[in-house]
Amino acid sequence: MSPQPPISKPHASRSGHPAARSHGSHDHSAQGQSLEGALQQAGFYPRLVADVVDDALDGRDCVAHLVHLETHFDRAEVRRHITVLVLTDDMMVIAHVDDQQLDEAGEQIVAQISTESVPVAQIRSVVLSYMYAQPQNYKPSDPVRELTLSIAWSGGQRLDMGPASCGDPQCEADHGYSGTIAQEDIVLRISAEADGLQAVQDAKLFARALRAVNTGSPAPVPHVAPALPRRPRMGVFASRLSRGHQR
């Protein structure tokens, strides 16, 4: 794939709020970079993704954002896809972009894009799962090694089933099935080793801002990212977010 040209520099924030400040005894500093900068660093069609997100925001200001690029191997191909979460005062926008190669030479490529706009009042739960290394030696300054962010709003549930068993390793009887049910609409797993410590911190900050907006309480770390430059509208993407990227 040909590299994407750099996108234009972000404009000043429309909201006029001061820059974010640190909060609390732990490292609760503002997100590492602006939304536009995060898209540029991800390098996955940054101009295209920025245009789609800008269209979905409908002029709203960004309160917090989370950009997550995933890479996986499909036989001999390397596949990438990006998920972008943008929080406003009353809405969470989810954008997901996949690309597909239509020919063996890689000259014909198409991008599949979907967006979903969820009112924050509709969000039912925000779950953070942490993973720490060597917990017996934990210190307050130790970073989180891995974080999983789960957000539920539509009542959708994931069912994980497997054969049940008893305590006898020689038993061959049929014990039926057992499983767990988890309520989730989107799940993102961010690893410090794969994505960097700042990406884990950004995910924590996004979850904190989402909880604050969802419950109506003041956000502990107000994050005002530079607004995306206004661009000509090229149509509205109305399809619902594909759930294929959930992990």
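**Salt bridges and surroundings**

Modeller: With a relative accessibility of 29%, arginine 60 counts as partly exposed; buried means under 20% relative accessible area, exposed over 50%, and partly exposed in between (1.4 Å probe, protein chains only). The model is predicted, so local features need pLDDT of at least 70 and side-chain atom pairs pLDDT 80 or more, while totals for chains, interfaces and linings use all residues. Residues are numbered from 1 along each chain as its sequence is written, and side-chain values use heavy atoms, without hydrogens and water.

Colleague: Which residue forms a salt bridge with arginine 60?

Modeller: Its partner is aspartate 90, and the closest N and O atoms of the two are 3.0 Å apart. A salt bridge is a side-chain nitrogen of Lys or Arg within 4 Å of a carboxyl oxygen of Asp or Glu. Arginine 60 lies in the loop between α2 (46-57) and β1 (64-74), and aspartate 90 in the loop between β2 (77-87) and β3 (91-101), so this bridge ties together parts that are 30 residues apart in sequence. Helices (H or I, at least four residues) and strands (E, at least two) are DSSP runs, numbered from the N terminus.

Colleague: And what is the relative accessibility of aspartate 90?

Modeller: The value is 39%, and aspartate 90 therefore counts as partly exposed.

Colleague: How many salt bridges does a search of the whole structure find?

Modeller: The search finds three. One of them joins the side chains of lysine 139 and aspartate 142, at 3.4 Å from N to O. Lysine 139 is partly exposed, with a relative accessible area of 45%.

Colleague: Which side chain meets arginine 189 in a salt bridge?

Modeller: That of glutamate 146, with a distance of 2.8 Å from N to O. This pair links distant parts of the chain, 43 residues apart: glutamate 146 belongs to strand β6 (residues 146-152) and arginine 189 to strand β9 (residues 186-191).

Colleague: Is glutamate 146 buried or exposed?

Modeller: Glutamate 146 counts as buried, at 14% relative accessibility. Arginine 189, at 32%, counts as partly exposed.

Colleague: Let us change topic. Which helices and strands does the chain have, and in what order do the elements run?

Modeller: The chain has four helices and nine strands. From the N terminus on, the order is α-α-β-β-β-β-β-β-β-β-β-α-α. Of the 247 residues in the chain, 38% are buried.

Colleague: Which residues of helix α1 are buried?

Modeller: In α1 (residues 35-42), the buried residues are Leu35, Glu36, Ala38, Leu39 and Ala42. Around the axis they cover an arc of only 160 degrees, which puts them on the same side of α1; the arc is that of the directions from the helix axis to the C-beta atoms.

Colleague: Why do residues three or four places apart in an α-helix point the same way?

Modeller: An α-helix has 3.6 residues a turn, so residues at that spacing point the same way.

Colleague: What follows α1?

Modeller: Glycine 43 does, and its phi is positive, near 70 degrees.

Colleague: How many residues of α2 are buried?

Modeller: Nine of its twelve residues are buried, so α2 is largely enclosed by the rest of the structure. Among the buried residues of α2 are Pro46, Val49, Asp54, Asp55 and Leu57.

Colleague: Where does alanine 64 lie?

Modeller: Alanine 64 lies in strand β1 and counts as buried, at 1% relative accessibility. Alanine 64 and serine 34 are 30 residues apart in sequence, and their C-alpha atoms are 9.1 Å apart in space.

Colleague: Now the rings. How many aromatic pairs are found in the whole structure?

Modeller: There are three. Rings of Phe, Tyr and Trp (its six-membered ring) pair if their centres lie within 6.5 Å; planes under 30 degrees apart count as stacked, over 60 as edge-to-face and the rest as tilted. Tyrosine 130 and tyrosine 132 form a stacked pair, with 6.5 Å from centre to centre and 20 degrees between the planes.

Colleague: Which residues do the ring pairs link into a cluster?

Modeller: The cluster consists of Tyr130, Tyr132 and Tyr138. Tyrosine 138 lies in the loop between β5 (125-131) and β6.

Colleague: What are their relative accessible areas?

Modeller: Tyrosine 130 is partly exposed at 43%, tyrosine 132 is partly exposed at 32%, and tyrosine 138 counts as partly exposed at 42%.
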